[in-house]
Amino acid sequence: MNLGGAIRAIISFLIFVVLHYTLRPLLGWRAPMDFLILALLLASVRVRPATAAVIGFVLGLISDSLAPDALGAGAIAMTVVGFGASYLKAVFFADNLVLNAFFFFLGKWVFDILYFVGEQRVKGVELLQQLLLWSPLSAAVTAAVGVLLLFLMRPLLEPAPA
Amino acid sequence: MQRTLRSNTRFDLIVVSTCIVLALAARALPDTLREPVATGMRRSFLAPLVMLQESAERGRQSLLSADAKQSYLDSLSLGAMKARSLEGENDRLRKLIGLGSGLRWGFVPAEALHGRGVRDETTVILSAGSRAGVSRLSPVIAPEGLVGVVDQVDPTMSHAMLWTHPDFRVSAMSPDGTAFGIAQAHLTGATGGYLIELRGVPFRSTLKPGSLIVSSGWGGVWPRGIPIGTVLQEIKTSEGWARTYLLRPEVNPADVYSVMILRRDRLAKGFDGVWQSVAQADQAAQRIVVSGDSAAKAAALAEAAARRAVIDSMARANGAPPLGATPTTPAATDTSPEAVAARAAAARAAAQRAAARRAAAADSAARRADTSRRDTVPRRDSVRTDTIPHRPGATR
C-alpha cells in the first residue's frame, strides 16, 4: 500500500470511528450498527494479521473504556476479529458487495459472540436471545450500512492489491 | 520464501497472542484498578470521542422530545386562544352586570343559543320562556344595545328574531331627536356583512358619520334610547323623498351569547340613563384597577421610607453617619473659618431635617391613634335608648 492509499485508509478509518460515536447514539436503535467493527474490518484487510490484531486490541480497549465493567472483553473480541479478517482477506475481500456484506455480518456476529461470552454479564436465556436474535439483527444492520458506505466511499476504500 | 512466510506467521501469532494476553489481563483486573484505567483513557485521548457521543445523545433527546415540545406548544397556543375568548366573554358579562344594575328590575337574563351555520344569524333560541315572564314581542337587548325581539314563546324557552332578520323593523332616531327613521337590516347578500339601514329619514335631516342612532320608543315594542348603531354613510336609494343611511350595528349577531329580555311591565318605565350607567360602570372598574395600582405603589414607597428611617436612627445610635450622609473626611478636621462655617451650616440643616422627620413621625402616630380610637370606641348611637334601664322616677 502506497502512501496515498495509507492516508486514504486512515481517513476512512477515522470517519468510521467518528460515525460510531455520533450517528450510532443519535439513532439509538435496539439493534445498532457497529462502525468500529466496520473500521476494524476495512483496516484489517489492508494490513498484515499482526497489525490487524494490534488495531483490534486498541479499538477494543477504546470501546471498553466507556463500559469499564467489560474492560478487556471488547479488546479480546476485536483482536480475534481483526486477526481473523486479515488472515482470511484473500478469501473474503473481493470486489463483490454481497461478499463484503457477508464479511461484515460475520465479523460483527463473531465479535458479539466473543464479547458477550467474555463479558459474562448476560447469562442463560437472555444470552441466547442476545446472541441468536439481537446480535444477528445488529450484524445485519451493520452489514447493510457497511455496504452502503462502501458504495459511497468507494474512491477512498479501494483495497490494496494482494 | 517459504521460510519467510513461516517466520511472518510466527510473528503474527506472537503478536496476536500478546494482544490476547493483555486483553485477558485487562479483563482480570480488579475493580479498583479497572476503573482508574478506564477513567484515564476517557479523560485523555478518548475525551473528544466522549464529547461527540454526549452531543449525539443530547441531539437524540432533543429529537425524541420534539413531539412532546410541539404538543406542549400547541396546548399553550390553544390555551392562549381560549384565554382571549374568555377575556372577551368576561368583558361582555361585566357589561351585562352593569346593564342589570342600571335596569334594576323588569328583565330576564337568558342565554342565546345559535343553531344555524355561519352567516345565517337571523334567529336565536333563548333559554328563558313564559315561566320567567317572557312574552311575545319582548325586546331582547345586550349591553351594547339592541339585539332583537321575541317572536315565539314556550314555557321554558323562546325564539327571537335578531335585527338581521329581513322582517325586523324598529323605529329609530338620533339622540337629540332631530332625525327619525325606520331601522332594518341592510340586505346585500352573503358578502355584504351585517349592517343596518336607517330608511325614511326626512330630507331636511342630515346625519354625520359617527352619529349614534337609538330606538325612538314609537310603536310600543321598543323603549326609547336603546343604541342601534352609528352612522357610516348615506346611501342612494330609489326613494327620492327621504334619506337612507347605512349604520354600523352596536351588536354583532355572531357575538350574542348572553342577553336580557325586557318584560312588558318594564317598558313603560323608561330607560333614561341606563346605557350611560353601563359605560360609567365600565369606566369605574378601570378606575378601580388604576387606583389599586397607585395604592400599592404608595404603600411600597412608604414602607421603603420607614425602613430607611429605622436604619438611619440605628446608625445614629451607633455613632455612625446615617445612610446617604457624607462620610467623615480629612476636611472635617480643617479649622479654617470657611470650613467651620460650612460644618455649622451642615449641622443646622441636619437638625432641621431631624426635626421635620420627628414631626412627621408624631403626626403619623397621632393619625394611627386617631384611627384606632375610631375603630375601637363603640358608637354612641349604637345603644338603643329603650334598652337603657332608667331609674324609677326619672324622666325621659
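Within strand S11 of chain B, B:Leu247 is the bridge partner of B:Ile196. This pair belongs to a predicted model, in which local features need pLDDT of at least 70, side-chain atom pairs count only at pLDDT 80 or more, and totals for chains, interfaces and linings use all residues. Residues are numbered from 1 along each chain as its sequence is written, while chains are lettered from A and ligands numbered from 1 in the order in which they are written.

Chain B has six helices and twelve strands. Helices (H or I, at least four residues) and strands (E, at least two) are DSSP runs, numbered from the N terminus. Two strands pair if DSSP finds at least two bridges between them. Strands of a sheet pair through backbone hydrogen bonds, either parallel or antiparallel.

Strand S11 covers residues 242–249 of chain B. Its partner S8(B) spans residues 196–202, and the two pair in the antiparallel sense over five bridges. Besides B:Ile196 with B:Leu247, B:Leu198 stands opposite B:Tyr245 of S11(B). Strand S10(B), residues 227–235, is also antiparallel to S11(B), with six bridges joining them. Here B:Gly229 has B:Pro249 as its bridge partner. S10(B) and S11(B) form a hairpin, and six residues lie between them.

The two faces of S11(B) can be told apart. B:Arg243, B:Tyr245, B:Leu247 and B:Pro249 make up the covered face. The uncovered face holds B:Ala242, B:Thr244, B:Leu246 and B:Arg248.

These strands sit in a closed barrel of six strands with antiparallel pairing, in the order S6-S7-S8-S11-S10-S9 of chain B. Neighbouring strands of this sheet are turned by 40° against each other on average, direction ignored. Axes are lines fitted to C-alpha atoms, for helices over the stretch in contact, and angles run from 0 to 180 degrees between N-to-C directions.

Chain B has another closed barrel of six strands, S1-S2-S5-S4-S3-S12, with antiparallel pairing. Strand S3(B), residues 139–142, runs antiparallel to strand S4(B), residues 145–153, and four bridges join them. B:Ala142 stands opposite B:Gly145 in S4(B).

Of the 396 residues of chain B, 20% count as buried. A residue is buried if 20 or more other C-beta atoms lie within 10 Å of its own, exposed if 12 or fewer, and partly exposed in between, with C-beta atoms placed from the backbone. Contacts were assigned from C-beta atoms, placed from the backbone, that lie within 7 Å. Among contacts in chain B between residues at least 6 apart in sequence, 58% join residues at least 24 apart.

Chain A contains seven helices and zero strands. Its pattern along the sequence reads α-α-α-α-α-α-α. Of its 162 residues, 46% count as buried. For contacts in chain A with a separation of 6 or more, 67% come from residues 24 or more positions apart.

Helix H1(A), residues 3–27, packs on helix H2(A), residues 35–44, at an angle of about 170°, with the axes 8 Å apart. Residues making the contact include A:Phe13, A:Phe16 and A:His20 of H1(A) and A:Phe35, A:Leu38 and A:Leu42 of H2(A). By class, the contact has eleven nonpolar, two polar and one charged residues. Ala, Val, Leu, Ile, Met, Phe, Trp, Tyr, Cys and Pro count as nonpolar, Asp, Glu, Lys and Arg as charged, and the others, Gly among them, as polar.

Helices H4(A), residues 73–87, and H6(A), residues 97–119, have axes that come within 8 Å and cross at roughly 150°. H4(A) and H6(A) are therefore roughly antiparallel to each other. Among the residues that meet are A:Ile76 and A:Val80 in H4(A), and A:Phe111 and A:Leu114 in H6(A). This contact divides into eleven nonpolar, three polar and one charged.

The chains also touch. In total, 26 residues of chain B are in contact with 26 residues of chain A. On the chain B side, helices H1 (2–28), H2 (31–43) and H3 (47–103) each supply at least two residues. H1(B) gives the largest share, eleven residues. The chain B side consists of 17 nonpolar, two polar and seven charged residues.

Notes. Two residues are in contact if their C-beta atoms, placed from the backbone, lie within 7 Å. Angles under 35 degrees count as roughly parallel, over 145 as roughly antiparallel, 65 to 115 as roughly perpendicular and the rest as oblique.
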